[in-house]
Structure formats: structure tokens, C-alpha cells
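The sequence and the structure are shown first, and the discussion follows.

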Amino acid sequence: MQVREVMTQRPDYCPADATIRQVAERMRQDNSGFEPLVEGDRIVGTVTDRDLTVRALAEGKNPDDKASSIATSEVLYAFEDQDVKDVLRNMQEQHVQRLVVLNNQSDKRLVGVVTLSDIADRCADDQMAREIANCSKHYH
């Protein structure tokens, strides 16, 4: 199974100059805990619900500050034609539960997001279920 078969796609994402409030509102609207920040179809950072609490709230940020001030600039990603099992191993190694999805190695255009939940929804075998469980364990 390839990532394109399980990933979540949206027509648009928050622009790079979005405020913390705009990102939080978008997460609420989409019932998501992860928002890529983009310039055109290029990703420049990501914000998680954890970033909103640990970085923004705990550091006394203003809701109208730029979300880029709390975003993670090191973007972890998968390609849409990658095998889901390889992506699960990568998630486990990186200690993450979400990756942005890029179209291919040359263009690197944002086409979606893949989460453990996306994969679990389409889990078809015991081995994949074990991989998902391994990715969900607490990190030390």
C-alpha cells in the first residue's frame, strides 16, 4: 500500500504569515492537531497542537503573533509513492505520528498529510497493526 492511498488531502493550508490564532482556528475547523505552513505549494514549517500549548501558551505568545514563531522549521516528510510500512518505520525512528506528504523527490510539492490514524483506518494485517502500536508508544 502506498502513502497516496491513505493520506489526507486538503485544497489549502495556512499561509506562512498566518497568526497563531488563525492556525488554532484552522485546527479546530479541520479537527486536526497539525498544520503545515506554506508559501504557494512549498512547505516552510509545521505547527502542532503541542506547539500551541508548549511553545505559544507557555512562552506567553500573543494569539496575533506569527505562527512561524512557534513552528518547527525542520519538516519531516514522506513521498506519496512510498510504501506505508517504510513510512511507519520512519515515523517510529523520528518519534512522530504525522508527516507531510510530498509528490516526488524532484518537485517536493506538498500534496497531503499522513498520520498514524490515516494508516490505522486502513490497516489490513497484524504486522501493520504491530508497527502502528510501536509508533504510538511513549518516547523516552
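Which residues does Val114 touch, not counting residues up to four places away in sequence? The residues are Val3, Val6, Met7, Val87, Met91, Gln97, Arg98, Leu99, Val101 and Ile119, where contact means heavy atoms within 4.5 Å.

## Basis of the model

This is a predicted model, in which local features need pLDDT of at least 70 and side-chain atom pairs count only at pLDDT 80 or more, while totals for chains, interfaces and linings use all residues. Residues are numbered from 1 along each chain as its sequence is written, and side-chain values use heavy atoms, with hydrogens and water left out.

## Nonpolar cores

Val114 is among the residues with the most contacts inside the largest nonpolar core, together with Val87, Leu88, Met91, Leu99 and Ile119. This core has 18 residues. A nonpolar core is a set of buried Ala, Val, Leu, Ile, Met, Phe, Trp, Tyr and Cys residues joined through side-chain atoms within 4.5 Å; buried means under 20% relative accessible area, exposed over 50%, and partly exposed in between (1.4 Å probe, protein chains only).

At least two residues of this core come from each of helix H3 (84–94), strand E5 (98–102), strand E6 (110–115), helix H4 (116–121) and helix H5 (126–136). Helices (H or I, at least four residues) and strands (E, at least two) are DSSP runs, numbered from the N terminus. H3 gives the most to this core, with four residues. A second, separate core of twelve residues includes Cys14, Leu37, Val47 and Ala67.

Strand E2 (residues 34–39) is largely enclosed by the rest of the structure, because five of its six residues are buried. Strand E1 (residues 14–15) runs parallel to E2 and is joined to E2 by two bridges; two strands pair if DSSP finds at least two bridges between them. In this pairing, Cys14 stands opposite Leu37.

E2 also pairs with E3 in the antiparallel sense, over six bridges, and Glu39 stands opposite Arg42 in E3. The two strands form a hairpin with two residues between them, and Gly40 in the turn has a positive phi of about 65 degrees.

Pro15, in strand E1, counts as partly exposed because its relative accessibility is 41%. Pro15 touches Leu37 and Val38, not counting residues up to four places away in sequence. Pro15 and Glu39 are 24 residues apart in sequence, yet 6.0 Å apart in space, C-alpha to C-alpha.

Thr48 lies in strand E3 (residues 42–48) and, at 15% relative accessibility, counts as buried. With residues up to four places away in sequence not counted, Thr48 touches Met27, Gly33, Phe34 and Arg98.
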